[in-house]
Amino acid sequence: MNTDPTARRTYALEDFTPGRQFQLGPYPVSAEEIIEFASAFDPQPFHIDEDAGKSSVLGGLAASGWHICAITMRMFADSYIVDSTSQGAPGVDYCKWLRPVLAGDVLHGQSTVVSARPLMSRPGLGAVKFSHEVFNQRRELVCTSENTGFFGSRNAGEVH
Amino acid sequence: MSGFENLMIGERLEIGRHSFTEEAIIAFATKYDPQPFHVDTEAARRSIYGALCASGWHTAAVWMRLNVDYQAAQAARLREEGKSPPVFGPSPGISNVKWFKPVYGGDTITYFNTVTAARMRPSKPDWGIVELHSEGVNQKGDPVIAFDNAVLIKT
């Protein structure tokens, strides 16, 4: 992985034009990973025990919603964030967990650029708003979200 | 109505605190958010954050862990008092997530919950919904994270 902040990136602020889409995934979600994440961060029975998951309203060993967020972040990272001038994010407007993500599911989806604007308060930096959809292997929508990220301008050089 | 009666609406409750180490920040971010300022100490120093800082999802996930532990402790206390603890189900989602400031290695974050609303759902009478506002504050008293969330609760 290239972590040199001065290296040229494929995606800068100017490349996030409204309507542009980025494909996410595929990301296979294993039982082991569900249990590992939930044991650390969300040890509710339906996230760490297969039988408890089956008898719960989720219908099986199900990933924590926070794990779905983390996986989605990883899919953003691999699709466009790591190879961009990303300078982090101030927050997330919303994230809806619409369907359980069960062990064995394979997630994919897309990020769509909603808007992009330079920040008056931080020359060389801009805010890009995205909407995201994540589906499982049956093309069922499992998660939708919208968030804003900060990206350096193409010509700003190194952002400080 | 086993779950609703012991909720304290409007009261801001401290649910716990957690110290973030550089090792844990790098381990989480390597798996889920491998941006230079979350995984590379040198690159982070040259970024707008000035030092290695936690993925916002890491800061949020730690809230969930403390929340689960807090609810378990509350349930045990209520049972000791002969009361029925709330039974929580899944959550439909989160909103208004704000990462105000970076969380650096060595920072200790104290997390709070405020129950903002609790309501029945006529369509699904077995499970009501509780709305929460959650916050994290660092050791200097600066807010680092806030968000709204909801959880199903057995009626």
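Two residues are in contact here if their C-beta atoms, placed from the backbone, lie within 7 Å. With that in hand, welcome to a quick tour of this predicted model, in which local features need pLDDT of at least 70, side-chain atom pairs count only at pLDDT 80 or more, and totals for chains, interfaces and linings use all residues. Residues are numbered from 1 along each chain as its sequence is written, while chains are lettered from A and ligands numbered from 1 in the order in which they are written.

- A:A70 touches A:F37, B:Y32, B:W57 and B:A61, leaving aside residues up to four places away in sequence.
- A residue is buried if 20 or more other C-beta atoms lie within 10 Å of its own, exposed if 12 or fewer, and partly exposed in between, with C-beta atoms placed from the backbone.
- Helices (H or I, at least four residues) and strands (E, at least two) are DSSP runs, numbered from the N terminus.

**Chain B as a whole**

- Chain B holds four helices and five strands, and from the N terminus on its elements run β-α-α-α-α-β-β-β-β.
- The C-alpha trace of chain B spans about 55 × 35 × 25 Å along its principal axes.
- Chain B has 155 residues, of which 36% count as buried.
- Take the contacts in chain B between residues at least 6 apart in sequence: 67% of them join residues at least 24 apart.

**Backbone spots worth a look**

- In chain A, the peptide bond from A:G25 to A:P26 is cis, with omega near 5 degrees, and A:P26 sits in strand β1 (residues 21-28).
- A:R139 is not a glycine, yet its phi is positive, at about 65 degrees.
- You will find A:R139 in the loop between β4 (125-135) and β5 (141-152) of chain A, and A:R139 counts as exposed because 7 other C-beta atoms lie within 10 Å.
- B:N96 is also a residue other than glycine with a positive phi, near 50 degrees.
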